Amino acid sequence: MQGSASIAGGADAAAAGPRRRLRMAPKLAYRNLFHDKISLFVTLIGIVFSVVLLSFQSGIYLGIERTIAAVLDKTKGELWVLPIGTKSVDDPSLLPGREKYTVLSVPGVANVETLSMGFARWRKQNGGATTVLVVGSDWNSGGLKPWNVIDGSVDQLAAPKMVAVDRTYFKDLDVKGLGDPAEINGMTVKVGAVTNKIRSFTTMPYIFTTLGRAQIMLGAQQEQGSYALVSLKPDSDVDIVQERIQAKLPDAEVLKREDFRNRSINYWLFHTAAGSGLIAGTALAIIVGIVIVAQTLYASTKDHLNEFATLRALGASAGYIIQVILLQALFSAIVGYALGMTLTLGIFKLAENTTLNVVMTPGLAALLFATTIGMCMLAAISAIFKVIRIDPAGVFSR
Amino acid sequence: MIQSKSDGAKPSPILVADGIVKVFGTGAGEVQVLKGVHLDLLPGELTLLMGPSGSGKTTLLSILGCILRQTEGDLVIANTKTNKLSAEAMADLRRNHVGFVFQSYNLFPTLTALENVMLALDVRGRMPADAPQRAKNALDSVGLSHRINTYPAKLSGGEKQRVAIARALAGSPSVMLADEPTAALDSENGQSVMQLMSDVSKDASRAVLCVTHDHRILKYADRIIRIEDGVISTDERPKDDPVARANMERLSAEGAH
């Protein structure tokens with residue numbers, strides 16, 4: 001041991017020399033967190049559960065949104081003419097007819113395409129039947145063209161009886177691939193193209209075919225469709241053209257594509273039980289996460305109360321101690337999120353070829369990360385209240 | 001820097017407590033633990049605060065360390081009157097002027113010896129760039145340079161208390177307050193720790209006060225204050241007073257047995 005010479009030092013010594021910020025608070029937070037493995041495990045279970053549940057709820061929400069709006073997102077027209085009272089794009093009925101020519105006479109309109117959509121009965125080749133949603137359009141003149149074609153081709157659909165089906169619904173439709181037969185509303189059809197991941201929110205498979213064939217299947221007259229898709233000339237004012245078309249078609253409704261998209265999504269999400277179920281699930285995930293993290297952080301803080309009191313006695317500010325608690329919460333959030341997101345992505349991968357459309361985007365992942373951190377910070381409040389009320393005098397034996 | 005004790009005029013006290021009263025509870029449950037304590041701590045002195053259990057030693061120590069507020073009276077540390085300071089200002093005073101050594105060490109079990117000392121520097125906010133070196137020096141000065149990366153669980157009681165002293169020293173406090181620093185130690189480690197405390201007190205810019213029941217360590221004292229029933233009963237400097245020295249030697253010998 002060295003003598004008093006090396007021990008001595010004035011009270012002002014610490015103030016001398018260049019200054020920099022030390023980094024002990026993160027180290028203390030990290031060590032406290034990882035010191036008690038069981039407590040950490042419980043915390044992480046809570047966060048992982050929340051992250052997976054939140055990811056599922058929001059992934060399903062995005063999936064539903066994309067599924068509902070898929071047909072709308074694949075069309076080119078700025079304006080949609082639809083039957084009055086249409087709630088959603090996949091809740092179609094038929095327009096009175098000849099809207100195409102009326103709309104074409106409106107100044108500012110460049111092109112109009114008729115889209116025929118309607119429910120029909122699909123009779124399976126080996127017996128039994130199911131309801132499908134037939135979509136007919138003339139894609140050669142700018143109408144809706146089936147996308148994600150993985151087998152056959154769209155051109156083949158021009159041949160007699162041909163339809164396109166999605167691979168996801170092979171089992172429901174009792175088909176295995178190109179050439180398989182079926183009947184739609186009594187009309188014999190054959191699979192001429194196979195698409196991938198064109199899912200329907202209503203779970204009724206989309207069947208794509210030509211406009212003429214769809215009109216026959218759905219019992220519509222020639223020139224009668226469910227929707228008229230209106231493309232505008234460059235430099236046309238969409239609001240003015242919308243008003244003009246509406247004035248000419250009082251028995252139909254004219255909406256911008258974005259407005260019809262929002263109406264379709266809002267209908268399914270907020271006028272049916274689907275939306276409330278998702279919202280309830282999301283709220284549950286956040287509540288469970290907050291409660292579990294709050295409990296474990298509080299318990300961890302109680303376990304280290306004497307240390308926090310010592311810190312306070314050593315002169316640590318309340319802010320410093322709060323920083324330690326918040327860093328513990330932050331580290332929990334980062335580790336829990338990493339584990340939860342890995343698990344989520346694995347599950348999403350497994351769901352890829354099912355009818356469940358769950359979507360994860362970089363933006364959603366970032367939002368979930370921020371939510372997880374916010375959740376853990378919120379959970380730290382009870383621990384912070386505990387720790388700022390510490391009496392530093394407790395460090396002395398009385 | 002070494003500042004030796006002045007042989008001339010009496011140095012100014014670093015800490016002055018004047019008429020300290022502490023009351024716990026209210027109404028029928030009211031207990032007056034301190035009943036008007038007058039005390040000053042001089043730099044370069046090791047003062048022992050002794051007294052029976054319940055006499056108010058620890059309460060006084062807590063007040064002198066700015067972690068408990070007195071009910072009445074004035075406390076001045078490093079020319080700062082504490083009476084109307086906020087809790088954060090009191091914390092600021094502690095981290096800049098007071099070092100603590102606790103009976104049960106109060107080390108952070110998840111941090112190494114070096115990290116424990118660095119933590120005491122870290123709570124001070126912005127510190128010199130040589131803070132890690134400063135922490136190493138503090139551990140070196142208490143003879144633990146070979147144990148800097150050891151966790152408290154692997155240290156002996158004496159070593160733990162040395163780390164605690166190094167932690168208190170690292171911030172270069174004006175006042176060092178120790179609560180029964182030898183109570184959990186065997187005789188050899190206790191003597192060693194007290195020798196260290198005595199060395200620490202030789203700094204002419206620092207005053208050291210130890211609360212103790214341990215008569216074996218009386219020989220290290222420059223000054224012995226006895227407190228009984230909330231008031232100071234005796235305040236002696238054995239090295240200057242033959243009667244007090246004889247009394248101390250007798251008690252010290254009794255303690256050794």
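**Close-up views of a predicted two-chain model**

**View 1. Surroundings of Ile165(B) in the predicted model.** Apart from residues up to four places away in sequence, Ile165(B) touches Val101(B), Val142(B), Met176(B), Val193(B), Leu196(B), Met197(B) and Val200(B). The model shown here and in the views below is predicted. Ile165(B) and Leu311(A) are the residues with the most contacts to other members of the largest nonpolar core, which has 122 residues. The top contributor to this core is helix H11 of chain A, residues 318–350, which supplies ten residues.

View 2. Chain A is split into domain 1, made up of 23–66 + 273–389, and domain 2, which covers 97–250. A distance of 46 Å separates the C-alpha centres of domain 1 and domain 2 of chain A. Contacts between them involve nine residues of domain 1 and six residues of domain 2 of chain A.

**View 3. The largest pocket and its lining.** The volume of the largest pocket is about 380 Å³. It is lined by 18 residues, of which Arg66(A), Lys197(A), Arg199(A), Asn357(A) and Val359(A) are the closest to the pocket centre. Two elements of chain A, helix H3 (37–73) and H11, each give two or more residues to this lining. H3(A) contributes the most, with four residues. Both domains of chain A take part, since at least three lining residues come from domain 1 (23–66 + 273–389) and at least three from domain 2 (97–250). Sorted by class, the lining of the largest pocket comprises eight nonpolar, three polar and seven charged residues.

**View 4. The largest cavity, lined by residues of chains A and B.** Three cavities of 30 Å³ or more are present in the structure. The largest cavity has a volume of about 110 Å³. Leu314(A) is part of its lining, together with Arg94(B), Arg95(B), Val98(B), Gly99(B), Phe100(B), Ala120(B), Arg124(B), Arg167(B), Ala168(B), Ala170(B) and Gly171(B). In chain B, helix H2 (87–97), strand S6 (98–101) and helix H5 (157–170) each provide at least two of the lining residues. By class, six residues of the lining of the largest cavity are nonpolar, two are polar and four are charged.

**View 5. The second largest cavity, lined by residues of chain A.** The space in the second largest cavity comes to about 60 Å³. Its lining consists of Asn32(A), Leu33(A), Asp36(A), Ser39(A), Leu40(A), Thr43(A), Thr296(A), Leu297(A), Ser300(A), Gln328(A) and Ser332(A). Helix H2 (24–35), H3, helix H9 (273–303) and H11 of chain A are the elements that supply two or more residues to this lining. The lining of the second largest cavity has three nonpolar residues, seven polar residues and one charged residue.

**View 6. Val395(A) and its contacts in both chains.** Val395(A) belongs to the segment that follows helix H13 (381–388) of chain A. Its relative accessible area is 7%, so Val395(A) is buried. In chain A, Val395(A) touches Asn306(A), Ala309(A), Thr310(A) and Ala313(A), and in chain B it touches Ile67(B), Phe102(B) and Asn106(B), with residues up to four places away in sequence left out. The C-alpha atom of Val395(A) is 9.9 Å from that of Leu305(A), although these two residues are 90 residues apart along the chain.

**View 7. Asp174(A), a loop residue with positive phi.** Asp174(A) sits in the loop that joins helix H5 (170–173) to strand S7 (181–184) of chain A. Asp174(A) is not a glycine, yet its phi is positive, at about 60°. The relative accessibility of Asp174(A) is 18%, so this residue counts as buried, the cut-off being under 20%.

**View 8. Glu180(B), a loop residue with positive phi.** The loop between strand S8 (175–179) and helix H6 (187–201) of chain B contains Glu180(B). Glu180(B) has a positive phi of about 45° and is not a glycine. With 10% relative accessibility, Glu180(B) counts as buried.

Methods. Residues are numbered from 1 along each chain as its sequence is written. Chains are lettered from A and ligands numbered from 1 in the order in which they are written. This is a predicted model: local features need pLDDT of at least 70, side-chain atom pairs count only at pLDDT 80 or more; totals for chains, interfaces and linings use all residues. Side-chain values use heavy atoms; hydrogens and water are left out. A nonpolar core is a set of buried Ala, Val, Leu, Ile, Met, Phe, Trp, Tyr and Cys residues joined through side-chain atoms within 4.5 Å. Buried means under 20% relative accessible area, exposed over 50%, partly exposed in between (1.4 Å probe, protein chains only). Contact means heavy atoms within 4.5 Å. On a 1 Å grid over the protein atoms alone, a cavity is a set of points where a 1.4 Å probe fits but cannot get out, and a pocket is an open set with protein on both sides within 12 Å along at least five of seven lines; lining residues have an atom within 4 Å of a point. Grid points are joined across faces, edges and corners, and a volume is the space filled by probe spheres set on the points. Ala, Val, Leu, Ile, Met, Phe, Trp, Tyr, Cys and Pro count as nonpolar, Asp, Glu, Lys and Arg as charged, and the others, Gly among them, as polar. Domain bounds come from an automatic or database domain assignment.
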